[in-house]
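Trainee: I am new to this structure and would like to look closely at one part of it. Could you walk me through it step by step?

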Amino acid sequence: MTEFDNEHDELHNELLARAFRHNSPQPGVGADDSTVGSLDLEDRNALRRLTRDTSIRSEDHEDIYEVEYRKLRLEQVILVGAWTEGTTAEMEASMMELAALTDTAGAEVLDILYQKRDKPDPGTYIGSGKVKELAQIVQSTGADTVIFDGELSPGQMVALEEALKVKVIDRTMLILDIFAQHAKSKEGKAQVSLAQMEYLYTRTRGWGGNLSRQAGGRAGSNGGVGLRGPGETRIEADRRRLRTEMAKLRHQLRDMATAREVKRAQRARSTTPKIAIAGYTNAGKSSLINAMTNAGVLVEDALFATLDPSTRKAQLADGRSVVLTDTVGFVRHLPTQLVEAFKSTLEEVSGADLVLHVVDGSDPFPLKQIEAVNEVLSEITRESGETLPPELVVVNKIDEADPVVLAELRHAFDHAGRDVVFVSALTGEGIAELESKIEMFLNTLDEHVTMLVPFTRGDVVSLLHEHGTVRSEEYQEQGTLIDVRLPRVLVEQHREFVV
């Protein structure tokens, strides 16, 4: 058995060990717009190098995160992508996003390479010739990990690791690592553990060259006295253990979902308007909540800094109280194993009166972000049968955005007839306009009434001020005459005072 086999064997054991500790209580974009259909042979076969402006995030590597479920640090990394559709600029933007994901995982990106292809090679993703070139680059740079911008099959992963002699990771594994690091709640950790196990289940054969040996007996023998026969291979045993743990986790998550439904039912009885903030990861959702509420929600220049939904109360300019819920960000090519982990976020979104869809205006392709978010939401709603509430698009980070990109966004939304607000959560620009649009929307959910409330019912007057928009208030002999816009459910509850 080779040293490389030993390393893979140890890595596999660490993967399983992390999986079974799931519930532990311890704490430069180019401008070439050519498309794949017009590729010539030389372009398709070339590995292209993409450089990054590392000065933008010089502090990224001060803190080295531990990748929990593999117990290793992704320090020296080469990123590899295969461009099969879209423009060069879109491909490079995708690779820069992969670099940002890698930064969030605590790794140092040594090089970024991508190749034009009609479709990924079924055997090695980028073709055997390019794998040889990549192996030379790995050796010359001293990289210990290669990350591919796509989901690798078990066969591709085995072939690449044998050829490159280093760890090979795909985009899905990288996102799972980040989720494992950032999940804080018991439910969040359980959801991520389940996603890791589902991903690992079909890939146990890909982690090392000796995983199919039979369990038990002396090395090189058939098991000895009483142990002869085919027995259970190591892969079968690993998969059986994974199935058992996955079933246990699903049961725990069902119990947690019941508790969450009780809390959601309590919120549903509340008359305070509920606003969910959804959008692409790192679009500035948490910063927007802070700008509107001064709540001090965690804000970090990292992808998936927020994984557990958090709720804060805010007061609009007209004095009305609203509840804002910060949700987990979405991403392009979200691993299917993580869709389940987004269901709690969807419940917050579907139970809201209004959704603020936050878009990163400084991104080169913000419309692609919107498309990715809508795609994930559609996939989850299709499974659950939920319907989404009305949506208001909020383009954030306009202080950093390219004016040309903002002009394209304005044109796209005007053409589609969609309501949009341009803001900067950092500088506060546009926040007042956003709150005004929220007020206007909530007014459509209200009923305009006049109420005469006896002086003995001061509690009703207080409630009208808290949950409604009081237009005028006059003291008369029989009581307080109030002209108010009020949620319809409250109007029905206090119909006796309507005049």
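At which residues does UniProt place the feature "binding site"? After that, please take me along strand E9 and its partners.

Mentor: Happy to! This is a predicted model, in which local features need pLDDT of at least 70 and side-chain atom pairs count only at pLDDT 80 or more, while totals for chains, interfaces and linings use all residues. Residues are numbered from 1 along each chain as its sequence is written, and side-chain values use heavy atoms, leaving out hydrogens and water.

To your question: an unreviewed UniProt entry places "binding site" at Ser-286 and Thr-306. UniProt positions are given here in the numbering of this model, feature names are shortened, and annotations may be inferred rather than shown by experiment. Ser-286 belongs to helix H9, residues 285-293. Helices (H or I, at least four residues) and strands (E, at least two) are DSSP runs, numbered from the N terminus. With a relative accessibility of 10%, Ser-286 counts as buried, because buried means under 20% relative accessible area, with exposed over 50% and partly exposed in between (1.4 Å probe, protein chains only).

Now to strand E9, which spans residues 354-360 and has seven of its seven residues buried. In a regular strand, side chains alternate between the two faces of the sheet. Here Leu-354, Leu-356, Val-358 and Asp-360 point one way, whereas Val-355, His-357 and Val-359 point the other way. Both sets are buried.

What runs beside this strand? Strand E6 (residues 274-279) is parallel to E9 and joined to it by five bridges; two strands pair if DSSP finds at least two bridges between them. In this pairing, Gly-279 is opposite Val-358. Strand E10 (residues 391-396) also runs parallel to E9, joined by six bridges, and there Val-395 is opposite Val-359.

Leu-356 of E9 leads us to the largest nonpolar core, where it is one of the residues touching the most other members. Such a core is a set of buried Ala, Val, Leu, Ile, Met, Phe, Trp, Tyr and Cys residues joined through side-chain atoms within 4.5 Å. The largest core has 83 residues, and Leu-79, Phe-148 and Leu-288 are also among those touching the most other members. Helix H6 (residues 171-182) gives the largest share, seven residues. Another core, of 12 residues, lies apart from this one and includes Val-453 and Leu-464.
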